[in-house]
Every structure is written in C-alpha cells, then in structure tokens.
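Colleague: Hi, could you walk me through this one? I'd like to hear about the domains and the ligand.

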Amino acid sequence: MKVQNLVKVFENTFGQPAGSVFAAPGRVNLIGEHTDYNGSFVFPGAIDKGITAAIRLNGTGQVRLWSVDYEEKAVFSMEEQDLPQAMWARYVFGVCREMVKRGAAPGGFDAAFTGDVPLGAGMSSSAALESVFAYALNELFSLGFDKMELARIGQATEHNYVGVKCGIMDQFVSLFGKKDHLVRLDTRSMEYNYFPFHPQGYRLVLLDTLVKHELASSAYNKRRQSCENAARAVRDNGHPQVEYLRDVSMDMLQSVRSVISEEDFKRATYVIEETQRVLTVGEALERDDYETVGRMMYQTHYGMRDLYEVSCRELDFLNDVALECGVTGSRVMGGGFGGCTINLVKETLYDTFLEKAKTAYSKEFGREPKVYPVVICDGARRLL
Ligand code: GLA
C-alpha cells in the first residue's frame, strides 16, 4: 500500500490527519543462524519489505490501533493487565510496556499500519512491527533511547509478550540496516561492521516454500535450551570462563559428551561449526570470494537439517534443486521449520534456476514457491 493511501486510511479511521509516518524493514541473513543467542556472529541485511505506520498522538493514555491487513482494531492502555487479545496487537503493547518498564512514559496514540513482509516466511515481520513502533514512539515522545536499546525493547517484547526466546538479530538489523550493506554483528559485544554487498555477477534470491513456520511453537525455545544446557555442562566441567557456546571448542564439547544428551550435543556441534562459518564468510567477502560464501551456505543448510533439525522436506527439496542447478550457495534462512531458502546465484544461471525450481516444486508439492529477489535497504526511518 502506498504511503498516501495509508494516510487516507488513517484519516478515515480516526477522523483526523496522521501526524507522521514511519517504516521499518524485515531482513535476510546471509549466514549465522541460531548463533545470536549463543553470543556469536550473524550477517543480516534489512530488506525492501517492511511495516509502515501512520501515527498521531491522541493526548490520552490509550493506544488505538488499526491493522489494515487484518482489518481489525485494538484498544489498550499502558497497564500490564490490559494485554490485548489479538496476537498482532501484543507486539505493539509489548513495545509500550517494555518502554514503561525502562522508566519511559510514552503517551496515548492512534496508529494505522500495513506491511508487505510475508508472514511466517522467516523474514522477520514481527521484528519489523516492533521496530517501527519502538522507533516512532521514541522519536514522537522524545524518550531518549538509543537504537540498541530500541532493539532490546523489541527482543524483550518477543520474550515477555509473545513467548519466543529469540536473539537480537532481527530487531537489531531492522533498526541498524543500511542500503547495499550487510552487517556482521557480534552478539556478545554488540560491535558491528557494515560490509558493502553488491556481488558482481551474482544475485541473492529467496524462494518461499509457503510452509508457515511457527517460531512461537516451543521448538525454537527448545533449541535455545539445548544450547544453554551444553554451555553449562562445559562451564561446570573445568571451564568456568564459558559464558556462551561461542566460547566452546569442539574439543571442549567432546569432553562433556557423556554428561549431556545426544540431542544437546548435536545442537551444540551445529552452533560451534556455524560460528566458524560466519568468520570464514566475513573473510571471503573481503576478497569477493563468493564461491567460498556459497560453500559455507550449503554447509549451514546441512547443519540445520541434520544437527539442528530445523529444516523440513520442502526446504530440503529446494536446496537439492539449487545444488543440482549449480547454484553457488543455498540454505534455509531464519529460524527454520518452513519459510524460505536464501540462494546466491550466478546471473547467468538465474532464470534457468528459477524455472527449474518452480516446475520441480509444483510437481512435487502442487504449488509454486514464491520468489523474492533480495534488495538490501535502510533500517527504521521516518517517512513523513
Ligand atoms: C529468528 C530469531 C532470531 C534468530 C533466528 C535464527 O529469526 O528471531 O533471533 O535466532 O531465528 O538465526
């Protein structure tokens, strides 16, 4: 939906013109999956799909929301007991509450919002929603949070109001994203570097299996629990300095193999290997070595499939097609359990690959995957 149309919807809904319009994007992640809650590295970029919100302060203690896409409204105050029923409204409620918990006092506002990040496709529609409101309220009420704290507010919203114990990657990049750049973030120190990303002769494209993932399902939290179990076992067995799996080598993990479950061992092995892959990719990007980047992407897929077990038949199928077509790199992106593969494809192969993927996938599963070319954009911002 165009910004002018959103502004019109706002006016029709609330009977007053919108005071301002803000936007925040979803994300892709080149590599570094399930590493952000292990103190390790991620390599995301903000994309040209996101959430746009038209907002006006209403001078009351009430928040009145209109979701254009769900055609639903929600009204709540900033009090904890006013938790709204609708899941989509809880993201905004959570942001407000987390701001209040940090001593800020956002007042009431009216907002109408719409988005074009496909839901449940692993492109972080929820982080976009949290970030657009965190960014807007911070600015409109002059709350004085820095962007890193806004990202933490979004993450805490997931933890406390949605029930997903996620890492910081999605909210971070939705706020800090930069056009034509990927960001390598060290999730322990929160240091980050922008990497210019316009691979000569290659394109990045997402193929959406249209299998909706349910991150909120306990599977994601269970993975996190496994990682914490393994890190704790290493810490308690002669390595008191270990804070996260980031600090654990394969030798250290081997030394506790008999005291942790086989499942926790597999999960931790994946994370230790993935941490190494992100570093390898960072170095490869410095020398424009996309063949190495691609090889690492396939390794990540196999790790997520066999060790972390967050892939599914549809994702594996698309990954196999990519390999058969000679695509440079391909893997499941985001939390997993459905959603998209991210593919690094030579320009010369691009059309044939997409054709093959569509035909083979619809033959196998009765529908075509959706195709999203990746365009790397800026993070949260004010539009009007
Ligand atoms: C989801 C979470 C992120 C991250 C990814 C997996 O997107 O929100 O914090 O853990 O899964 O890399």
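**Domains and ligand site**

Modeller: Happy to. The domain assignment of the chain gives domain 1, residues 3–197, and domain 2, residues 202–374. Keep in mind that this is a predicted model.

Colleague: How far apart are the C-alpha centres of domain 1 and domain 2?

Modeller: The two centres lie 25 Å apart.

Colleague: And how many residues of each domain are in contact with the other?

Modeller: On the domain 1 side there are 35 residues, and they are in contact with 47 residues of domain 2.

Colleague: What area do domain 1 and domain 2 bury between them?

Modeller: About 3,500 Å², with 64% of it on carbon and sulfur atoms. Ile31, His34 and Tyr37 supply 19% of the area that domain 1 buries against domain 2, more than any other three residues.

Colleague: Nice. How many salt bridges are there between domain 1 and domain 2?

Modeller: The count is four salt bridges. The rule also finds 22 residue pairs in polar contact across the interface of domain 1 and domain 2, with both residues at pLDDT 80 or more.

Colleague: Which elements give two or more residues to the side of domain 1 that touches domain 2?

Modeller: Those are strand 1 (20–29), strand 3 (44–57) and strand 7 (181–186). Strand 1 gives the largest share of that side, three residues.

Colleague: And by class, what does that side of domain 1 have?

Modeller: By class, the side of domain 1 touching domain 2 has 15 nonpolar, twelve polar and eight charged residues.

Colleague: Switching to the ligand: how many residues surround the ligand, and which are the closest?

Modeller: There are 13 residues around the ligand, and the closest are Glu33, His34, Asp36, Asp170 and Tyr220.

Colleague: What does the side chain of glutamate 33 meet in a salt bridge?

Modeller: The partner is the side chain of arginine 331, at 2.8 Å from N to O. Glutamate 33 also has a polar side-chain atom 2.7 Å from an oxygen atom of the ligand.

Colleague: How about aspartate 36 and the ligand, what's the distance there?

Modeller: An N or O atom in the aspartate 36 side chain is 2.6 Å from a ligand oxygen atom. For tyrosine 220, a polar side-chain atom lies 2.5 Å from an oxygen atom of the ligand.

Key
Residues numbered from 1 in each chain as written. Predicted model: local features only at pLDDT ≥ 70, side-chain atom pairs only at ≥ 80, totals over all residues. Heavy atoms only, no water. Domains from an automatic or database assignment. Contact = heavy atoms within 4.5 Å. Buried area = accessible area lost by both parts, 1.4 Å probe. Polar contact = N/O pair within 3.5 Å; in protein donor to acceptor, adjacent residues only side chain to side chain. Helix = DSSP H or I, 4+ residues; strand = E, 2+ residues; numbered from the N terminus. Nonpolar A, V, L, I, M, F, W, Y, C, P; charged D, E, K, R; others polar. Near = heavy atom within 4 Å.
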